[in-house]
Amino acid sequence: IPTPKVDKTLNLIPGDGKQPFKDFIAEKQPNSNHEKSTCSIYYLKHELGIEEVNADLVFSCYRHMGWGLPKDIYAALRLTANKTTWIDTSNSKAIKITPHGDHYVENDLPKKG
């Protein structure tokens with residue numbers, strides 16, 4: 001298993017009118033690792049404009065939030081892709097959020113009730 005690293009260039013408190021990651025997460029309230037990973041990828045792509053999201057960037061989001069880390073972030077991301085169809089991990093160096101994942105984050109989070 002490759003060891004993920006924190007990306008020291010990633011700024012999750014961007015300024016310039018962009019929402020800080022912690023505020024985005026407080027708004028969406030993801031519970032499962034599937035939701036946390038999908039929200040992380042959504043934020044990196046849509047808020048920060050990062051086209052090529054990799055496991056190190058997702059790992060950095062987990063560390064930033066103080067979330068418990070999956071034992072193998074790569075396997076966890078593949079599992080999310082297989083179980084939910086919210087993300088596409090066919091290229092592990094450029095993980096994508098799917099239209100289904102965009103819709104889930106935008107419309108189904110936070111969970112109602």
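A nonpolar core is a set of buried Ala, Val, Leu, Ile, Met, Phe, Trp, Tyr and Cys residues joined through side-chain atoms within 4.5 Å. Buried means under 20% relative accessible area, exposed means over 50%, and partly exposed lies in between (1.4 Å probe, protein chains only). This is a predicted model, in which local features need pLDDT of at least 70 and side-chain atom pairs count only at pLDDT 80 or more, while totals for chains, interfaces and linings use all residues. Residues are numbered from 1 along each chain as its sequence is written, and side-chain values use heavy atoms, with hydrogens and water left out.

The largest nonpolar core has 29 residues, and the members that touch the most others are L12, F21, F24, I41, L44 and L77. Two or more residues of this core come from each of α1, α2, α3, α4 (73–84) and α5. These names follow DSSP runs numbered from the N terminus: helices are H or I runs of at least four residues, and strands are E runs of at least two. In soluble globular proteins, nonpolar side chains tend to be buried together.

Next, consider how the helices are placed. Axes are lines fitted to C-alpha atoms, for helices over the stretch in contact, and angles run from 0 to 180 degrees between N-to-C directions. Helix α1 (residues 21–28) and helix α3 (residues 55–65) have axes that come within 11 Å and cross at roughly 80°. That makes α1 roughly perpendicular to α3; angles under 35 degrees count as roughly parallel, over 145 as roughly antiparallel, 65 to 115 as roughly perpendicular and the rest as oblique. Contact means heavy atoms within 4.5 Å. On the α1 side the residues are F21, K22 and I25, and they meet C61, H64 and M65 in α3. Sorted by class, this contact has 4 nonpolar, 1 polar and 1 charged residues. Here Ala, Val, Leu, Ile, Met, Phe, Trp, Tyr, Cys and Pro count as nonpolar, Asp, Glu, Lys and Arg as charged, and the others, Gly among them, as polar.

Helix α2 contributes E35, T38, C39, Y42 and H46 to the contact, and α5 contributes G101, D102, Y104, V105 and E106. The classes here are 4 nonpolar, 3 polar and 3 charged.

Aromatic rings also connect these parts. Rings of Phe, Tyr and Trp (its six-membered ring) pair if their centres lie within 6.5 Å; planes under 30 degrees apart count as stacked, over 60 as edge-to-face and the rest as tilted. By this rule there are 6 aromatic pairs. One of them joins F21 and W67, with ring centres 6.2 Å apart and planes at 70°, so the pair is edge-to-face. F21 is in helix α1 and W67 is in the loop between α3 and α4, 46 residues apart. Both F21 and W67 are buried. F24 and Y42 form a stacked pair, 5.8 Å centre to centre with 5° between the planes. F24 lies in helix α1 and Y42 in helix α2, so this pair ties together parts that are 18 residues apart in sequence. F24 has a relative accessible area of 5% and is buried; Y42, at 12%, also counts as buried. Ring pairs link F21, F24, Y42, Y43, Y62 and W67 into a cluster.

Another buried residue is I97, with a relative accessible area of 9%, found in strand β2 (residues 96–97). I97 and W86 are 11 residues apart in sequence, and their C-alpha atoms are 6.0 Å apart in space. Leaving aside neighbours within four places in sequence, I97 is in contact with residues including I41, Y42, W86 and V105.

Finally, some backbone details. Most residues other than glycine have a negative phi, and most peptide bonds are trans. D16, in the segment before α1, has a positive phi near 55° and counts as exposed at 77% relative accessibility. T85, in the loop between α4 and β1 (87–88), has a positive phi near 65° and is partly exposed, with a relative accessible area of 44%. A cis peptide bond, with omega about -5°, joins L109 and P110. P110 lies in the segment after α5.
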